[in-house]
Amino acid sequence: MFSHTDFDGHEHVVHAFDSASGLKAIIAIHSTALGPAFGGCRMWPYADDGAALSDALRLSRAMTAKCAIVGVPCGGGKSVIIGDPATHKSAELLRAMGRLVNSLGGRYVIADDVGTTLDDLAVMRSQTPHTAAATASAMQPVPVTAHGVFSALQAAAAHVFGTDGIKGLTVAVQGLGNVGGPLCAYLSGHGAHLVVSDLDPRRVDAAVRQHGASAVAADAIYDVNADIFAPCALGGVLSATTVPRLAVRLVCGGANAQLDTPADAERMAARGIVYVPDYLVSAGGVIDFHQERIDDRPEATLAAVEVIGRITGEVLAQSRGSGERPLAICDAIVRQRIGTKA
Ligand code: NAI
């Protein structure tokens, strides 16, 4: 564990097995320096246990960064359940997961993620109070995340193109799910031109019909001649292979863990492409979680999420002044807030 490539001073990593339900789970708490660790529970048929551990370590670290950069008083955590949600999930297994979360006494607060739903959280909640969406009126994090991405895009567009908003700019959106779908509505509603891709042709058709988007094949999105690339599908999409193909001046999207390696941020900078760090752009979910506790009215939550645009503007202005990369600036803010030196 301690020599694992994704280990980054994580405070606590729990591996658990429940024979009655078949639960195999890992909970990674990266940091509780700012508050209880918060993060989703991903259920996935990982190829092996090592892949599951890597995901938990990487994603919990990103949660620490998300909370710290937008000033939410929480730490970073993530849990993974090894198994196919379609065939392996049961109420018994979810209750066992709830008991596991409860055993950490509130140091980790669980939310939904890929492979788990709010209904699953409700089952876990029968065993533990330490779950997100604790109130019936809580907004789903999903439109909130897209709202945050849009607010980052507006601020970054103003900085890079000198425009007042997104009107007239062309945005290539990769992935039209819970984040990319509503993002397209925001963008087209504010006068942007859209070029879209998704593996699901129904989602592509919907974007073409509803927003007048142009569609390209999944792999062709990297070659689109556009102003902005907004990755909203999987992680690792900015790589040594894709970055040289990009024909945009700004990359700003909601997908988690977009960089294949840290060197890909440098690759973009060397090509004059401004990259807004993914963990800042996609921090709407952690703000939503915090708002659940202080004021969960939808209008209050959407207003709170706009802090992402404000921080984006400040970071890009600092970057212009100092020549430092936006990612380096954000990483330094995170380290300073959680009190680490590395
Ligand atoms: P989703 O599963 O609803 O949608 C993802 C979409 O991407 C699907 O339509 C899928 O077909 C498509 N896709 C997958 N591979 C693709 C490829 N190679 N090319 C084009 N499209 C592809 O997922 P969701 O919730 O929209 O999340 C998207 C990203 O945003 C993920 O990286 C997620 O971790 C991140 N994120 C999501 C949050 C949320 O509130 N849902 C919060 C923060 C980050």
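A salt bridge here is a side-chain nitrogen of Lys or Arg within 4 Å of a carboxyl oxygen of Asp or Glu. This is a predicted model: local features need pLDDT of at least 70, side-chain atom pairs count only at pLDDT 80 or more, and totals for chains, interfaces and linings use all residues. Residues are numbered from 1 along each chain as its sequence is written, and side-chain values use heavy atoms, without hydrogens and water.

Q: How many salt bridges does the rule give?
A: R42, D55, R58, K78 and D113 are linked in a network of them. The count by this rule is 15.

Q: How far apart in sequence are the parts that R61 and D8 tie together?
A: The two side chains form a salt bridge, 3.0 Å from N to O. R61 lies in helix α1 (residues 49-70) and D8 in the segment before β1 (12-18), so the parts tied together are apart by 53 residues.

Q: Is D264 buried or exposed?
A: D264 pairs with R267 in a salt bridge at 2.3 Å, N to O. Buried means under 20% relative accessible area, exposed over 50%, partly exposed in between (1.4 Å probe, protein chains only). At a relative accessible area of 0%, D264 is buried.

Methods:
Helices (H or I, at least four residues) and strands (E, at least two) are DSSP runs, numbered from the N terminus.
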